[in-house]
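The following report is meant to be read alongside the sequence and coordinates. It takes up the sheets, the helix packing, the ligand shells and the chain contacts in turn.

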Amino acid sequence: MNNRFLINYTPGSTFLHKLNGTTKVIGFIAITIAIIATFDFRIMLAIFLLCMAGVASMRPNWKPIAFMFGFLIVMNGIIGSLMVIVISPESGLTKTGMETVFWSTANGRFYLSWELLWYTWAMFFKRVASLSSAMLFVLSITPSELAAGLNSIKMPYKVCTIVSLAFRTIPDIARDFTDIKNSMMMRGVELEKASLSKKLKQYIIMLVPLLMSSFAKVENISNSMDLRSYGKCKGRTWYSEHPATKGDYIARGGIVLIFLWCAFYIIFFRNMHAPLVDFWCPWVPQEISGYWF
Amino acid sequence: MEKKPIIEFKDFSFKYKIQSKATLRDINLTIYEGEKVLILGPSGCGKSTLMSCINGLIPFSNEGEITGSCKVNGRETRTLSIFELSKEVGTVLQDSDAQFVGLSVGEDIAFSMENEMVPRKEMIPEVEKLAGTVGMEDFIKALPFDLSGGQKQKVALAGVISDKVNILMFDEPLAALDPKMGVATIELIDRVSQDKTKTVLIIEHRLEDVLYRPVDRIILMGEGRIVADTTPIELLNSNLLKESGVREPLYLTAMKYAGCDISANKTICDIENLELSDDDKEKLIAFFHEETPEIKKEPGEEVIRLDDVTFAYEHGKPVVKGLDTVIRKGERVAVVGKNGAGKSTMAKLITGIHRPNKGHIYIDGKDYKKSTVKEIGEEVGYVMQMPNQMIVKDLIKDEVELALRLRNISEEEITERAAEAMKACGLYSMRKWPVDSVSYGQKKRVTVASIMALGPDTIILDEPTAGQDYRHYTDIIKFINKLNSEYGKTIIFITHDMHLAIENTDRAIVFADGKIIADESVYSVLSNDEIIEKANLKQTSLYMLAKKLDLSPEKFIEHFIRYERMVKSGE
Amino acid sequence: MLKKFVGEWNTKTIVAVAIGAALYGVLMVWGSIPVFTNTNLTSAMIVPVVVGALFGPLPATVALLVGNCLADLIGGWGFWFDWSVGNGVLGLFVGLLPLYGADIKNGIFKVKHAVIYTICCLLGNAIAFGIVTPVMTSLFYSADLEITFLQSFAGGISNTAVLVVIGIPVLVLLSKRYASRANLVEEPEELTEE
Ligand SMILES: Nc1ncnc2c1ncn2[C@@H]1O[C@H](COP(=O)(O)OP(=O)(O)OP(=O)(O)O)[C@@H](O)[C@H]1O
Ligand SMILES: Nc1ncnc2c1ncn2[C@@H]1O[C@H](COP(=O)(O)OP(=O)(O)OP(=O)(O)O)[C@@H](O)[C@H]1O
Ligand SMILES: [Mg+2]
Ligand SMILES: [Mg+2]
């Protein structure tokens with residue numbers, strides 16, 4: 001079960017794995033804020049490298065990770081960028097402040113500029129950084145730690161149990177689906193040797209029993225929770241949230257630094273001395289971009 | 001000492017909102033502090049409903065009409081919240097799968113402590129202790145998806161003992177357990193009930209197994225009413241068991257066959273302490289020497305062959321290893337063994353749901369590698385262990401007819417075959433009911449009916465009798481045996497129920513830790529101490545009876561089976 | 001009204017929302033066909049319909065929000081808040097069912113309700129993917145507005161298609177199911193057979 005998803009149900013043993021839920025959750029929030037706050041390629045690159053170093057330190061199975069990045073490259077890197085180039089080639093100018101056209105069609109409707117390429121690249125890279133941070137988070141945390149971590153940043157515990165319960169039921173749902181599929185096949189529905197459209201139709205038909213069987217569990221599960229005093233107290237303790245260790249304090253120190261940097265960056269560089277255009281571009285001079293460096 | 005009433009029902013009735021008739025009727029019942037009470041009754045008679053009334057799920061989570069009064073510890077349950085009640089009552093629900101809400105064994109055991117805001121420091125040793133009590137200490141970090149049904153049941157048990165509650169209720173705690181675990185569970189429950197402030201209620205169909213440790217009282221229910229409220233001795237001496245469809249212990253049956261007088265015997269409840277008078281002994285030995293016809297069956301041609309089959313869910317951790325066996329046409333085979341030994345996995349391999357990593361499976365002499373599950377399904381039908389795994393339709397009738405409809409059979413024949421199967425499973429009168437408003441045992445019967453209606457050449461039944469009362473059990477087994485004897489169908493029972501294996505199969509395949517450790521007649525398996533030990537089986541009470549008489553257990557069991565088949569065929 | 005909107009947040013609702021979120025996550029990852037960048041034709045859209053019908057709009061919203069994050073977590077394709085929030089808003093509109101009298105639990109779902117439901121789906125998609133998501137996308141990723149609208153439009157269309165084409169039959173089915181769940185009586189076996 002463990003290797004079917006990216007997220008791990010059992011805790012790993014590397015430094016990052018061993019941090020507690022709270023540290024992981026606030027770390028992820030800090031990095032996310034940093035990514036959202038900036039359009040500066042250099043900062044995004046730094047975040048990306050940091051996150052990938054973290055991912056690598058956990059010695060993950062690289063196959064699904066490579067697949068995710070591949071998917072992103074095709075969807076956002078290639079198709080997304082092509083769309084920008086076709087639909088609004090002028091965004092090179094609006095986003096970076098300059099336009100150096102090096103190719104254009106006769107009527108001038110379609111053209112390419114270096115700044116346009118840079119803009120699509122930087123925008124794509126922002127998504128890459130975002131994905132790498134998500135990857136870091138997903139690979140390091142277990143669902144129980146996630147629930148406990150969210151609770152410790154004052155998320156109501158009922159919401160947190162929704163998260164952990166959802167994770168509890170995901171494999172069940174996957175299993176139910178297999179069971180429904182098998183039970184239908186054993187009783188005479190051909191799925192293995194059927195045409196694609198037939199398969200698709202059968203899968204849609206199987207959606208109904210899947211919904212039914214999933215929601216039919218509600219009663220039993222909630223009964224068993226009620227019987228074990230769920231919702232009795234105002235709060236809840238967490239079996240899976242181990243107390244912070246030395247590693248956590250070190251990591252939290254780093255996280256505080258990221259927060260401070262975000263605050264400084266947002267106040268100083270995005271408000272007091274906000275750049276004139278969104279994207280930093282290496283060859284656009286400071287007077288035009290408004291970027292300090 | 002004055003006994004303190006702890007649970008009191010007075011003229012109590014309950015009707016589920018969607019039912020037109022009351023499920024519980026005129027219940028008058030008092031249970032005293034420190035008692036250990038067994039609740040018996042046919043499936044669907046309202047035992048689980050009665051429990052829901054005590055733990056507060058009715059009316060807290062089930063809508064319906066209540067009349068009369070139900071008091072727990074002197075307070076009317078209707079006026080209490082479920083939390084107040086949960087301080088008094090701990091319940092192990094019937095469906096062990098749904099009860100598992102944590103993401104690991106430890107977390108699930110800790111669930112109620114988490115809700116009570118017990119600090120983590122205290123929680124950890126407590127969880128370890130509780131896991132140890134039920135023998136799951138090596139699995140604290142295990143995920144729910146990797147546990148067998150029996151293991152989940154143990155976790156549920158641990159979760160409840162953790163509660164510092166005074167009333168403990170167990171809804172069919174043995175249903176999914178192998179015989180040895182069953183014994184261990186009964187011992188565990190007994191240890192808990194030694195504490196005289198704890199009141200214990202057990203619902204169970206396996207009377208013989210529960211009586212392994214003494215109970216104070218037995219309450220017999222039928223159709224929503226209390227039929228009898230007596231002591232075990234009185235119950236065993238009366239005809240009530242037969243009348244209300246509960247199976248009596250095997251040793252009693254043997255003694256009755258031998259013509260022993262059991263009404264005078266005060267030690268009748270428990271085979272271990274059973275005292276036999278000289279007269280009884282004489283009669284039993286005479287019974288043993290009676291002539292019985294030999295059971296002989298010509299082996300048919302081979303239908304299923306497993307050839308060195310190995311399979312792993314996770315790479316490197318094979319769940320079944322090197323399975324080799326042949327099943328012949330018209331055979332009735334029992335597959336028995338430990339929880340988690342790989343019995344259900346073998347069934348899934350035979351039906352093609354999983355494919356062997358190594359080795360081959362032949363069906364009718366053909367390697368099934370290239371066949372689809374659907375194609376295999378035409379030869380081999382499989383009733384899965386958990387009824388919820390199979391049910392896809394909303395109404396009972398539709399579910400039973402589903403497979404028939406997929407096979408271009410005429411409408412008349414569909415109706416006829418479905419009706420026959422539903423009647424055999426005692427579902428015909430509720431054929432238009434939605435599946436999720438029937439009891440667990442009834443659901444199980446729905447799945448059995450749906451495969452029986454289809455009638456493939458080989459039928460694998462995974463725990464067909466779990467949660468069934470004796471009457472429905474007999475009806476189902478009769479129907480299956482008819483399929484076997486009249487139509488020559490091959491039947492494979494996967495079961496923890498040794499009665500079932502003894503009475504209805506010719507051969508037992510014994511599993512332990514992913515391997516087949518024995519493949520021989522049921523009575524020789526059940527009189528072989530080594531196999532019993534390895535496969536978590538249990539000596540039957542017949543074995544112990546034979547020992548008391550200094551007879552060969554193997555021969556005695558064989559004689560008993562022959563005798564019983566003779567009596568049954570004479571009926 | 002407010003109570004219908006918020007729904008009853010008892011344990012049952014919590015479990016239902018959690019299961020809804022899990023279903024959404026599973027179907028999003030394994031039950032979708034990508035049609036455009038960041039846009040799927042997904043069977044997961046059926047989840048807010050069921051949760052909304054049985055528990056009300058707010059539970060549907062939470063199920064969608066959590067489900068979206070969950071899908072991001074198991075799929076591991078990064079957190080795209082712009083789309084999660086958009087989906088949440090959509091869930092709110094889809095889940096409005098009990099507010100205009102469609103009482104699935106008591107078997108009430110008429111043509112009138114189907115019409116209002118369709119309008120709600122259209123409106124919800126328009127607001128969620130016509131306003132909320134594009135604004136957030138251009139804010140977070142400084143993406144080109146025109147393209148963002150185009151993407152959202154594709155998302156809106158495919159969602160509406162699923163919501164209407166699969167959603168309405170499911171609602172009809174559900175309401176029938178609940179309607180049949182009353183006054184169960186045992187029917188005796190006919191004597192003609194045997
Ligand atoms: N939630 C429910 N809604 C409506 N009817 C129900 C519900 N649960 C049970 N019933 C009905 O009440 C009757 C008694 O059910 P109950 O589950 O109490 O039986 P039981 O004695 O525990 O049976 P089993 O041994 O099979 O578990 C059944 O006929 C069933 O149809
Ligand atoms: N889908 C699965 N994924 C991973 N492991 C599994 C899966 N199903 C079963 N197992 C593991 O395989 C082993 C054998 O399981 P199986 O269900 O075959 O046991 P069983 O003999 O039928 O037990 P029981 O008597 O409790 O039903 C168990 O250890 C179980 O944890
Ligand atoms: Mg029951
Ligand atoms: Mg099994």
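In chain B, strands in the order 12-11-14-15 form an open sheet of four strands with antiparallel pairing. Its edges are strand 12 (317–328) and strand 15 (366–367) of chain B, each of which pairs on one side only. The model is a predicted one, and local features are described where pLDDT is at least 70. Within this sheet, strand 11 (residues 302–314) and strand 14 (residues 358–363) of chain B run antiparallel and are joined by five bridges, and Asp307(B) stands opposite His360(B) in strand 14 of chain B.

A second open sheet of chain B has six strands in the order 16-17-18-13-19-20, with mixed pairing. Strand 16 (380–383) and strand 20 (515–520) of chain B each have a single partner strand, so one side of each edge strand is left without a neighbour in the sheet. On average, and with direction ignored, neighbouring strands of this sheet are turned by 15° against each other. Strand 16 of chain B runs parallel to strand 17 (residues 458–462) of chain B, with four bridges joining the two; Gly381(B) has Ile459(B) in strand 17 of chain B as its bridge partner. Across strand 16 and strand 17 of chain B lies helix 17 (residues 440–454) of chain B, which runs at about 170° to strand 16 of chain B.

Further pairings in chain B involve strand 4 (residues 64–72), which pairs with strand 1 (residues 5–16) in the antiparallel sense over eight bridges. The bridge partner of Tyr16(B) is Gly64(B) in strand 4 of chain B. Strand 4 of chain B also pairs with strand 5 (residues 75–76) of chain B, again in the antiparallel sense, over two bridges, and Lys71(B) stands opposite Glu76(B) in strand 5 of chain B. The hairpin of strand 4 and strand 5 of chain B has two residues between the strands, and in this hairpin Asn73(B) takes a positive phi near 55°.

The shells around the two ligands are set out below.

| Ligand | Residues in the shell | Classes in the shell |
|---|---|---|
| Ligand 1 | 21 residues | five nonpolar, 15 polar and one charged residues |
| Ligand 2 | 17 residues | five nonpolar, nine polar and three charged residues |

The elements that give two or more residues to the shell around ligand 1 are helix 1 (47–55) and helix 17 of chain B. Helix 17 of chain B is also the helix that lies across strand 16 and strand 17 of chain B.

Around ligand 2, the residues that come nearest are Ser148(B), Tyr313(B), Lys343(B), Ser344(B) and Thr345(B). Helix 6 (149–161) and helix 13 (343–350) of chain B each supply at least two residues of this shell, and helix 13 of chain B gives the largest share, three residues.

Helix 17 of chain B also packs against helix 16 (residues 411–424) of chain B, where the axes come within 8 Å and cross at roughly 140°. That angle makes helix 16 of chain B oblique to helix 17 of chain B, and the crossing is right-handed. Arg417(B), Ala418(B), Ala421(B), Met422(B) and Ala424(B) of helix 16 of chain B make this contact with Ala449(B), Met452(B) and Ala453(B) of helix 17 of chain B. By class, the contact has seven nonpolar, no polar and one charged residues.

Between chains, 48 residues of chain A are in contact with 50 residues of chain B. On the side of chain A that touches chain B, helix 7 (143–152), helix 8 (157–186) and helix 9 (196–227) of chain A are the elements that give two or more residues, and the largest share, 13 residues, comes from helix 9 of chain A. This side of chain A divides into 21 nonpolar, 15 polar and 12 charged residues.

Helix 9 of chain A also meets helix 2 (residues 11–30) of chain C, where the axes come within 8 Å and cross at roughly 135°. The two helices are therefore oblique to each other, and helix 9 of chain A passes helix 2 of chain C in a right-handed crossing. Among the residues that make the contact are Phe215(A), Val218(A) and Ile221(A) of helix 9 of chain A, and Val15(C), Ile19(C) and Leu23(C) of helix 2 of chain C. The residues of this contact divide into eight nonpolar, three polar and three charged.

Technical notes: Residues are numbered from 1 along each chain as its sequence is written. Chains are lettered from A and ligands numbered from 1 in the order in which they are written. This is a predicted model: local features need pLDDT of at least 70, side-chain atom pairs count only at pLDDT 80 or more; totals for chains, interfaces and linings use all residues. A residue is near a molecule or strand if its C-beta atom, placed from the backbone, lies within 6 Å of it. Ala, Val, Leu, Ile, Met, Phe, Trp, Tyr, Cys and Pro count as nonpolar, Asp, Glu, Lys and Arg as charged, and the others, Gly among them, as polar. Two strands pair if DSSP finds at least two bridges between them. Axes are lines fitted to C-alpha atoms, for helices over the stretch in contact, and angles run from 0 to 180 degrees between N-to-C directions. Two residues are in contact if their C-beta atoms, placed from the backbone, lie within 7 Å. Angles under 35 degrees count as roughly parallel, over 145 as roughly antiparallel, 65 to 115 as roughly perpendicular and the rest as oblique. A crossing is left-handed if the near helix is turned anticlockwise from the far one by less than a right angle, and right-handed if clockwise.
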